[in-house]
Amino acid sequence: MVAASPRQLFWRRFRKETTAIVGLAIIILFALLALLAPLVSPYDIAVAADGKVWMTHELGVVRLDPATGLTQGMYPLGTDKQIQTLDIAGNGMIWMSDANERIFRLDPATLSFTTFAIPAATFPGGCGAFGIKVAPGGDIFFACTMNRSIGRLQPAGPTWTRFG
(Lines give C-alpha, C1' and ligand atoms only; values in the text may rest on other atoms or scores of the structure.)
Protein backbone atom coordinates (compact mmCIF):
# COMPACT_ATOMS: atom_id res chain seq x y z
CA MET A 1 0.00 0.00 0.00
CA VAL A 2 1.34 3.43 -1.02
CA ALA A 3 0.86 6.39 1.28
CA ALA A 4 -0.59 9.58 -0.16
CA SER A 5 1.79 12.50 -0.57
CA PRO A 6 1.12 15.78 1.25
CA ARG A 7 0.03 17.32 -2.07
CA GLN A 8 -2.49 14.53 -2.69
CA LEU A 9 -3.84 14.89 0.85
CA PHE A 10 -4.20 18.64 0.36
CA TRP A 11 -6.15 18.30 -2.90
CA ARG A 12 -8.44 15.62 -1.44
CA ARG A 13 -9.39 17.92 1.43
CA PHE A 14 -9.50 21.04 -0.72
CA ARG A 15 -11.94 19.55 -3.26
CA LYS A 16 -14.38 18.72 -0.46
CA GLU A 17 -14.55 22.35 0.69
CA THR A 18 -17.02 24.30 -1.44
CA THR A 19 -15.98 27.59 0.12
CA ALA A 20 -12.35 26.96 -0.80
CA ILE A 21 -13.28 26.15 -4.41
CA VAL A 22 -15.37 29.34 -4.69
CA GLY A 23 -12.52 31.35 -3.17
CA LEU A 24 -10.02 29.93 -5.65
CA ALA A 25 -12.37 30.74 -8.54
CA ILE A 26 -12.66 34.33 -7.33
CA ILE A 27 -8.88 34.67 -7.04
CA ILE A 28 -8.43 33.31 -10.58
CA LEU A 29 -11.10 35.72 -11.87
CA PHE A 30 -9.41 38.72 -10.23
CA ALA A 31 -6.03 37.66 -11.62
CA LEU A 32 -7.46 37.43 -15.14
CA LEU A 33 -9.15 40.82 -14.80
CA ALA A 34 -5.87 42.36 -13.63
CA LEU A 35 -4.01 40.88 -16.59
CA LEU A 36 -6.61 41.99 -19.13
CA ALA A 37 -7.36 45.43 -17.62
CA PRO A 38 -4.85 47.35 -19.78
CA LEU A 39 -6.54 46.02 -22.88
CA VAL A 40 -10.03 47.11 -21.95
CA SER A 41 -9.89 49.91 -19.40
CA PRO A 42 -9.44 53.53 -20.49
CA TYR A 43 -6.57 55.63 -19.19
CA ASP A 44 -7.74 59.01 -20.40
CA ILE A 45 -10.68 60.54 -22.24
CA ALA A 46 -11.29 63.73 -24.21
CA VAL A 47 -14.32 65.06 -26.06
CA ALA A 48 -13.86 66.42 -29.58
CA ALA A 49 -15.73 69.42 -30.99
CA ASP A 50 -18.05 67.05 -32.90
CA GLY A 51 -19.11 65.42 -29.61
CA LYS A 52 -17.20 62.18 -30.17
CA VAL A 53 -15.40 60.82 -27.11
CA TRP A 54 -11.86 59.54 -27.54
CA MET A 55 -10.37 57.14 -24.98
CA THR A 56 -6.85 55.79 -24.64
CA HIS A 57 -5.87 52.44 -23.28
CA GLU A 58 -2.50 50.76 -23.29
CA LEU A 59 -2.52 49.57 -26.90
CA GLY A 60 -4.48 52.22 -28.73
CA VAL A 61 -7.37 54.61 -28.89
CA VAL A 62 -11.13 54.14 -29.16
CA ARG A 63 -13.69 56.57 -30.58
CA LEU A 64 -17.13 56.52 -28.94
CA ASP A 65 -20.29 58.07 -30.35
CA PRO A 66 -22.36 59.10 -27.31
CA ALA A 67 -25.48 59.43 -29.47
CA THR A 68 -25.49 55.68 -30.15
CA GLY A 69 -23.43 54.51 -27.18
CA LEU A 70 -21.31 52.40 -29.51
CA THR A 71 -17.63 52.52 -30.25
CA GLN A 72 -17.07 53.48 -33.84
CA GLY A 73 -13.69 51.89 -34.10
CA MET A 74 -10.62 50.80 -32.27
CA TYR A 75 -7.31 51.84 -33.73
CA PRO A 76 -4.60 49.58 -32.32
CA LEU A 77 -1.09 50.92 -32.39
CA GLY A 78 0.78 47.65 -31.87
CA THR A 79 2.06 45.65 -28.97
CA ASP A 80 5.11 47.77 -28.12
CA LYS A 81 3.02 50.81 -27.24
CA GLN A 82 2.05 52.06 -23.81
CA ILE A 83 -0.45 54.78 -24.63
CA GLN A 84 -1.09 56.97 -21.62
CA THR A 85 -2.97 60.23 -22.08
CA LEU A 86 -4.46 62.28 -24.90
CA ASP A 87 -5.57 65.76 -25.82
CA ILE A 88 -7.40 67.16 -28.82
CA ALA A 89 -6.00 70.13 -30.75
CA GLY A 90 -8.17 72.95 -32.08
CA ASN A 91 -7.80 71.46 -35.58
CA GLY A 92 -9.22 68.14 -34.36
CA MET A 93 -5.94 66.19 -34.31
CA ILE A 94 -5.66 63.70 -31.44
CA TRP A 95 -2.32 63.80 -29.59
CA MET A 96 -1.24 60.91 -27.33
CA SER A 97 1.65 60.31 -24.97
CA ASP A 98 3.44 56.95 -24.96
CA ALA A 99 5.61 55.68 -22.12
CA ASN A 100 7.98 54.21 -24.71
CA GLU A 101 9.48 57.56 -25.70
CA ARG A 102 7.01 58.62 -28.39
CA ILE A 103 4.26 61.10 -29.05
CA PHE A 104 1.54 60.07 -31.48
CA ARG A 105 -0.74 62.21 -33.62
CA LEU A 106 -3.94 60.71 -35.02
CA ASP A 107 -5.79 62.39 -37.86
CA PRO A 108 -9.44 61.49 -37.16
CA ALA A 109 -10.44 62.15 -40.78
CA THR A 110 -8.00 59.65 -42.28
CA LEU A 111 -7.33 57.52 -39.16
CA SER A 112 -3.61 57.76 -39.90
CA PHE A 113 -1.00 57.95 -37.16
CA THR A 114 2.18 60.01 -37.15
CA THR A 115 4.91 59.02 -34.71
CA PHE A 116 7.26 61.53 -33.12
CA ALA A 117 10.15 59.77 -31.36
CA ILE A 118 11.27 61.65 -28.25
CA PRO A 119 15.00 62.29 -28.78
CA ALA A 120 17.38 60.88 -26.19
CA ALA A 121 19.76 63.81 -26.77
CA THR A 122 17.14 66.25 -25.48
CA PHE A 123 15.85 63.93 -22.76
CA PRO A 124 18.91 62.05 -21.41
CA GLY A 125 17.94 59.01 -19.37
CA GLY A 126 14.55 58.85 -21.06
CA CYS A 127 11.32 60.73 -20.64
CA GLY A 128 8.45 58.33 -19.87
CA ALA A 129 5.87 60.72 -21.34
CA PHE A 130 2.62 60.71 -19.43
CA GLY A 131 0.42 63.80 -19.43
CA ILE A 132 -0.06 65.70 -22.68
CA LYS A 133 -1.69 69.05 -23.52
CA VAL A 134 -1.99 70.98 -26.75
CA ALA A 135 -1.35 74.71 -26.38
CA PRO A 136 -3.53 77.19 -28.32
CA GLY A 137 -0.61 77.90 -30.68
CA GLY A 138 -0.21 74.21 -31.54
CA ASP A 139 2.79 73.33 -29.35
CA ILE A 140 2.51 69.98 -27.55
CA PHE A 141 3.50 69.90 -23.87
CA PHE A 142 3.99 66.65 -21.95
CA ALA A 143 5.20 65.50 -18.55
CA CYS A 144 8.37 63.44 -18.33
CA THR A 145 8.01 61.10 -15.37
CA MET A 146 11.51 59.65 -15.64
CA ASN A 147 13.42 62.91 -15.26
CA ARG A 148 10.86 65.20 -13.59
CA SER A 149 10.67 67.68 -16.41
CA ILE A 150 8.26 69.11 -18.95
CA GLY A 151 8.79 68.56 -22.64
CA ARG A 152 7.61 70.57 -25.60
CA LEU A 153 7.17 69.37 -29.16
CA GLN A 154 6.79 71.91 -31.91
CA PRO A 155 5.45 69.57 -34.62
CA ALA A 156 6.35 71.68 -37.66
CA GLY A 157 10.09 71.11 -37.13
CA PRO A 158 9.83 68.93 -35.27
CA THR A 159 11.61 70.82 -32.52
CA TRP A 160 11.96 69.44 -29.00
CA THR A 161 12.61 71.37 -25.78
CA ARG A 162 13.11 70.15 -22.22
CA PHE A 163 12.17 72.38 -19.27
CA GLY A 164 13.54 71.48 -15.86
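Me: In which helix is isoleucine 28 found?
Reply: This is a predicted model, in which local features need pLDDT of at least 70 and side-chain atom pairs count only at pLDDT 80 or more, while totals for chains, interfaces and linings use all residues. Residues are numbered from 1 along each chain as its sequence is written, and side-chain values use heavy atoms, with hydrogens and water left out. Helices are DSSP runs of H or I with at least four residues, strands are runs of E with at least two, and both are numbered from the N terminus. Isoleucine 28 is found in helix α2.

Me: Is isoleucine 28 buried, partly exposed or exposed?
Reply: Buried means under 20% relative accessible area, exposed means over 50%, and partly exposed is in between (1.4 Å probe, protein chains only). Isoleucine 28 has 46% relative accessibility, so it counts as partly exposed.

Me: Which strand pairs with β6 over 5 bridges?
Reply: Two strands pair if DSSP finds at least two bridges between them. Strand β5 (residues 83-88) is joined to β6 by 4 bridges, and the two run antiparallel. Over 5 bridges, also in the antiparallel sense, β6 pairs with strand β7.

Me: Which residue has a positive phi in the turn between β6 and β7?
Reply: In the hairpin of β5 and β6, 5 residues lie between the strands, and glycine 92 in the turn has a positive phi of about 90°. The hairpin of β6 and β7 has 3 residues between its strands. There, the residue with a positive phi, about 65°, is glutamate 101.

Me: How many of the residues of strand β6 are buried?
Reply: One side of β6 holds Ile94, Met96 and Asp98, the other holds Trp95 and Ser97, and all are buried. Strand β6 (residues 94-98) is largely enclosed by the rest of the structure, because the number of its residues that are buried is 5 of the 5.

Me: With which side chain does the side chain of asparagine 147 make a polar contact?
Reply: Asparagine 147 is in the loop between β10 (140-144) and β11 (149-154), and it is buried at 16% relative accessible area. A polar contact is a pair of N or O atoms within 3.5 Å; within protein, one must be able to donate a hydrogen and the other to accept it, and residues adjacent in sequence count only if both atoms are side-chain atoms. A polar atom of the asparagine 147 side chain lies 3.0 Å from the backbone oxygen of glycine 126. The side-chain partner, at 2.4 Å, is serine 149.
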